[in-house]
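This report describes a single protein model, shown below. Please keep the structure in view while reading.

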Amino acid sequence: MPTKGLRQHLRQVRRALSEDAQTNAAIALQERISALPQWSSAQTISSYLCFDGEISTHLIHLLAWQQNKAIVLPILDPKHSGHLVFHEYFADSHMQVNKFGIAEPLLEKNKQVTMAHIDVMLVPVVGFDQQANRMGMGGGFYDRTLANIYQNKDRPLLVGVAHDAQEVTQLTPAEWDIPMDYIVTDRKVISRK
Ligand SMILES: Nc1nc2c(c(=O)[nH]1)N(C=O)[C@@H](CNc1ccc(C(=O)N[C@@H](CCC(=O)O)C(=O)O)cc1)CN2
Ligand SMILES: Nc1ncnc2c1ncn2[C@@H]1O[C@H](COP(=O)(O)OP(=O)(O)OP(=O)(O)O)[C@@H](O)[C@H]1O
């Protein structure tokens, strides 16, 4: 299936999941993410606020805060179109809704967190395969923001997050696509070979 049709299909699949399935997926995701060997030493975790049928990361945020870890969220960079910047997120952060309808923290200069400070990055995924290739929403936001990341010694661990139902047999990655170190679903963990 061409990329666009496959993306629409996989988004439809995740939006169609029942409330029960979403609740269970969020619980399973928290367990699997916090069982990653890199979790215990991670100080700063980049996450996302779910929309469009994505697995909720709310339980991961609660656990992280309980363990004195920081959560940061992506904000569409107003100065650098197509890129993301990351801001610390607190339970009482002032939020606004971006042009896609996703809540994000208000942009404040001194709250910006650079890539070098992020230990684990949870990256929302629309489709994935056994090689930990990632298909996203089609905006290229993470690909642009993470371009050259593999040249960086101090890079975050890249963890793609998806419902198990979003697996496809084989994606054909584009040259700019950044593969994930892991894909974590409600059912399994795939690590890049
Ligand atoms: N929760 C979450 N936050 C995220 C992402 C994500 O995938 N999930 N992103 C990951 O990159 C970025 C946002 N990327 C997005 C890219 C496209 C669309 C989208 O809905 N596109 C519409 C067309 C919208 C329009 O042009 O008005 C569509 O395809 O129907 C949404 C988000 C940053 N924040
Ligand atoms: N590093 C990059 N530099 C410039 N353009 C890029 C880069 N990465 C991706 N793009 C552009 O972004 C567009 C969308 O890419 P792609 O379909 O791979 O996005 P995606 O990974 O699904 O989206 P997202 O990261 O927002 O979830 C492509 O047309 C591509 O030209």
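Leaving aside neighbours within four places in sequence, which residues is Leu49 in contact with?

## Contacts of the annotated residues

In this predicted model, local features need pLDDT of at least 70 and side-chain atom pairs count only at pLDDT 80 or more, while totals for chains, interfaces and linings use all residues. Residues are numbered from 1 along each chain as its sequence is written, and side-chain values use heavy atoms, without hydrogens and water.

Beyond those neighbours, Leu49 is in contact (heavy atoms within 4.5 Å) with Glu54, His61, Leu73, Tyr89, Met95, Ile102 and Ala103. Leu49 lies in the loop between strand 1 and helix 3, and Glu54 is found in that loop as well. An unreviewed UniProt entry places a "binding site" feature at Leu49 and Glu54; such annotations may be inferred rather than shown by experiment.

Glu54 has a relative accessible area of 9% and is therefore buried (under 20%, with a 1.4 Å probe and protein chains only). Not counting residues up to four places away in sequence, Glu54 touches Arg14, Gln22, Tyr48, Leu49, Pro124 and His163.

## The sheet

Two strands pair if DSSP finds at least two bridges between them.

Strand 2 (residues 70-76) and strand 3 (residues 84-89) run antiparallel and are joined by six bridges. Within strand 3, Glu88 stands opposite Val72.

Note on methods: Chains lettered and ligands numbered in written order. Helix = DSSP H or I, 4+ residues; strand = E, 2+ residues; numbered from the N terminus. Buried < 20%, exposed > 50% of the residue type's maximum accessible area, 1.4 Å probe, protein only.
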